[in-house]
Amino acid sequence: MIHLSYIFVTFANVMEQLKEKYERFKEWQKKPYEVRPLSTNEHTCATCHTQFQGNYCPRCGQSATIGRYSFKTAFLLFLDVWGLGNRGMFRSIRDLILRPGYMIRDYLNGMQMAYFPPFKMFFLLIALNVLVESGFNVKMQNIITKSKESIFNDLEKAQQDIKTIQMKATHAELKDTIKINGKRHIIEKAPNDDNSITIDGKKKDLTFIKIIKRITDWMVNNETLVQLFWLLLLSGPLYIFFRHNKKIPDVRYSEFFVSMVYITNMMTIYDIISGFFLPGQTITAFIASLATFIPLKQLYGYSYLRTVLKVIGAIILLISAICLLAILIAILAGLILDL
Ligand SMILES: [Zn+2]
């Protein structure tokens, strides 16, 4: 019995300590970054020999604490080639993992020198993610070609159909037949008109198909911009649901969008880490998207339940808007193609 009570007491102690640690962690999360105090020592600048007090030379901007070359300074200079060596890239990554919402609020409140700029970070992280997905991972596996193969196969098929029509169209100046989905159709083409053909006596415009093909090609080749576009699209309805929060009253759309860019950066960091160690796992991407609730809760101060409900509401609103737009486009396309 003594042993049992001993185990119980130890367990209670450990729990108590863990709780204390967690409380301290929560305190740390909310505390903004503190810039180190201004040095009061007298310095002589190594570059321009100006005597000064402070952390940087007021004349040429050189750091007062510059010492001899170490691996750390060499590494930072190496990163500086890509614009990574300054403005707290590492602090931004750490804070986006450990205190994302509080960090974003600090940034929006004006602590801009403490953190890596959001859009620059966005493009750099996506470039790094592409690198990891294209083979820079523990398995040396190229995920991009693998996952895109199926999309490309579908696209290829559709493009093949279009090509057959176009090829037949250029050769068939007189009446000819083509096979689409097992059915034979009579097709005609005017000699000087590349943008339309006549199928079964009905004139069809090829420009629309060409435009769609060009758009899909462009989307496959410009993933970063497509992702930014989605972000822009989703942040609209999300803004409607998060606008009237207590933590940042009257948050502007531009500020909200910046917060969304940082949240996407957080997700990309998770994607990079999981893509490096577990290439090809889709479950990790799902978990990373679930993690977006953490910064939204920390930043705008709603409970987890309300945060989740608001995000669901925004997604429903966006889907409805897209459906409405798709119906409109279908009607317009029907009018143009005369289907
Ligand atoms: Zn100087």
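Modeller: Start with helices H11 and H12, which are roughly perpendicular to each other in this predicted model.

Biologist: What makes H11 and H12 roughly perpendicular?

Modeller: Helix H11 (residues 293-300) and helix H12 (residues 304-337) pack at an angle of about 115°, with their axes 10 Å apart. Angles of 65 to 115 degrees count as roughly perpendicular, those under 35 as roughly parallel, those over 145 as roughly antiparallel, and the rest as oblique. The angle of H11 and H12 falls in the perpendicular class, therefore the label holds. An axis is a line fitted to C-alpha atoms, for helices over the stretch in contact, and angles run from 0 to 180 degrees between N-to-C directions. Helices themselves are DSSP runs of H or I with at least four residues, strands are runs of E with at least two, and both are numbered from the N terminus.

Biologist: Which residues make the contact of H11 with H12?

Modeller: Phe-293, Leu-296 and Lys-297 come from H11, and Tyr-304, Thr-307 and Val-308 from H12. Two residues are in contact if their C-beta atoms, placed from the backbone, lie within 7 Å.

Biologist: How many residues of that contact are nonpolar, polar and charged?

Modeller: Four are nonpolar, one is polar and one is charged. Ala, Val, Leu, Ile, Met, Phe, Trp, Tyr, Cys and Pro count as nonpolar; Asp, Glu, Lys and Arg count as charged; the others, Gly among them, are polar.

Biologist: Why is H3 called roughly perpendicular to H9?

Modeller: Helix H3 (residues 89-98) and H9 pack at an angle of about 90°, with axes 10 Å apart. That value makes H3 roughly perpendicular to H9. Ile-93, Leu-96 and Ile-97 of H3 meet Tyr-262, Asn-265, Met-266 and Ile-269 of H9. Six residues of this contact are nonpolar, one is polar and none is charged.

Biologist: Why is Phe-242 called buried?

Modeller: A residue is buried if 20 or more other C-beta atoms lie within 10 Å of its own, exposed if 12 or fewer, and partly exposed in between, with C-beta atoms placed from the backbone. Phe-242 has 23 other C-beta atoms within 10 Å, so Phe-242 is buried. Phe-242 sits in helix H8. Leaving aside neighbours within four places in sequence, Phe-242 is in contact with Phe-256, Tyr-300 and Lys-310. The C-alpha atoms of Phe-242 and Leu-296 are 9.0 Å apart, though 54 residues separate them along the chain.

Biologist: What makes His-49 count as exposed?

Modeller: His-49 has 10 other C-beta atoms within 10 Å, so His-49 is exposed. His-49 lies in the loop between strand E1 (42-44) and strand E2 (51-53). Phi of His-49 is near 60°, a positive value in a residue other than glycine. Most residues other than glycine have a negative phi.

Biologist: And Asp-250: buried or exposed?

Modeller: Asp-250 has 8 C-beta neighbours inside 10 Å, so Asp-250 counts as exposed. Asp-250 is in the loop between helix H8 (223-242) and helix H9 (253-277). Phi of Asp-250 is near 55°, also a positive value.

Biologist: How confident is the predictor in the protein?

Modeller: The average pLDDT (the predictor's confidence in each residue, from 0 to 100) is 81, and 76% of residues score at least 70. Helix H4 (residues 100-108) has the highest mean, 95, and strand E3 (residues 176-180) the lowest, 62. Local features need pLDDT of at least 70, side-chain atom pairs count only at pLDDT 80 or more, and totals for chains, interfaces and linings use all residues. Residues are numbered from 1 along each chain as its sequence is written.
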